[in-house]
Amino acid sequence: GLVLDLRGNPGGLLTSAVDVASLLVPKGSDIVSARGRGFPGVVYRSQVDPVLDPQTKLVVLVNSQTASAAEIVSGAVQDLDVGCAKFNYPDHAILDATSGLLAKVLYKMSRIFLIIQR
């Protein structure tokens with residue numbers, strides 16, 4: 001499994017979000033669309049095959065400081081059923097706040113996850 005920690009990520013460029021999401025979602029998937037008064041609408045799609053095996057469990061952690069491009073990545077992962085995005089509660093409650101499959105993935109990765117957090 002893979003845990004993508006986007007907590008506290010203030011975001012960045014739209015094109016960078018599309019590039020990152022493209023590595024995680026199926027080729028040809030709609031990632032995000034944009035439209036405005038001064039320009040025609042555009043849909044950004046994944047142009048490459050994902051780097052993860054479809055059987056890999058993916059969890060994206062977000063919190064109230066996750067914004068902009070990071071939200072695009074987590075939204076694409078969640079909306080395209082590639083993985084799940086979980087809002088981070090206090091660290092000790094992550095496992096308690098998750099559902100069965102996600103809890104199993106995080107439990108198996110807990111030693112690595114705790115090392116990364118410190």
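## A partly exposed loop residue

Partly exposed means a relative accessible area between the buried limit, under 20%, and the exposed limit, over 50%. Leu23 has a relative accessible area of 38%, so Leu23 counts as partly exposed. The model is predicted.

Leu23 is found in the loop between helix H1 and strand E2 (30–34). Its contacts, leaving aside residues up to four places away in sequence, are Val48, Pro50, Val51 and Leu52. Pro50 lies 27 residues from Leu23 in sequence. In space, the two C-alpha atoms are 4.5 Å apart.

## The parallel sheet

Three strands form an open sheet. Their order is E1-E4-E5, and the pairing is parallel. Strand E1 (2–5) and strand E5 (84–87) are the edge strands. Each has a single partner strand, so one side of each lacks a neighbour in the sheet. On average, neighbouring strands of this sheet are turned by 25 degrees against each other, direction ignored.

In general, strands of a sheet pair through backbone hydrogen bonds, either parallel or antiparallel. E1 and E4 run parallel and are joined by four bridges. Leu4 stands opposite Val60, a residue of E4.

## The nonpolar core

The largest nonpolar core holds 16 residues. Which members touch the most other members? They are Ile31 and Val60. Helix H1 (14–22), strand E4 (58–62) and helix H2 (69–79) each supply at least two residues of this core. H2 gives the most, with six residues.

Val60 has a list of contacts beyond four places in sequence. Leu4 and Leu6 are among them.

How do H1 and H2 pack, and at what angle? The angle is about 30 degrees, and the axes are 8 Å apart. Angles under 35 degrees count as roughly parallel, so H1 is roughly parallel to H2. The crossing of H1 and H2 is right-handed.

Residues from both helices meet where they pack. H1 brings Leu14, Ala17, Val20 and Ala21. H2 brings Ala69, Ile72, Val73 and Ala76.

Notes:
Residues are numbered from 1 along each chain as its sequence is written. This is a predicted model: local features need pLDDT of at least 70, side-chain atom pairs count only at pLDDT 80 or more; totals for chains, interfaces and linings use all residues. Side-chain values use heavy atoms; hydrogens and water are left out. A nonpolar core is a set of buried Ala, Val, Leu, Ile, Met, Phe, Trp, Tyr and Cys residues joined through side-chain atoms within 4.5 Å. Buried means under 20% relative accessible area, exposed over 50%, partly exposed in between (1.4 Å probe, protein chains only). Contact means heavy atoms within 4.5 Å. Two strands pair if DSSP finds at least two bridges between them. Axes are lines fitted to C-alpha atoms, for helices over the stretch in contact, and angles run from 0 to 180 degrees between N-to-C directions. Angles under 35 degrees count as roughly parallel, over 145 as roughly antiparallel, 65 to 115 as roughly perpendicular and the rest as oblique. A crossing is left-handed if the near helix is turned anticlockwise from the far one by less than a right angle, and right-handed if clockwise.
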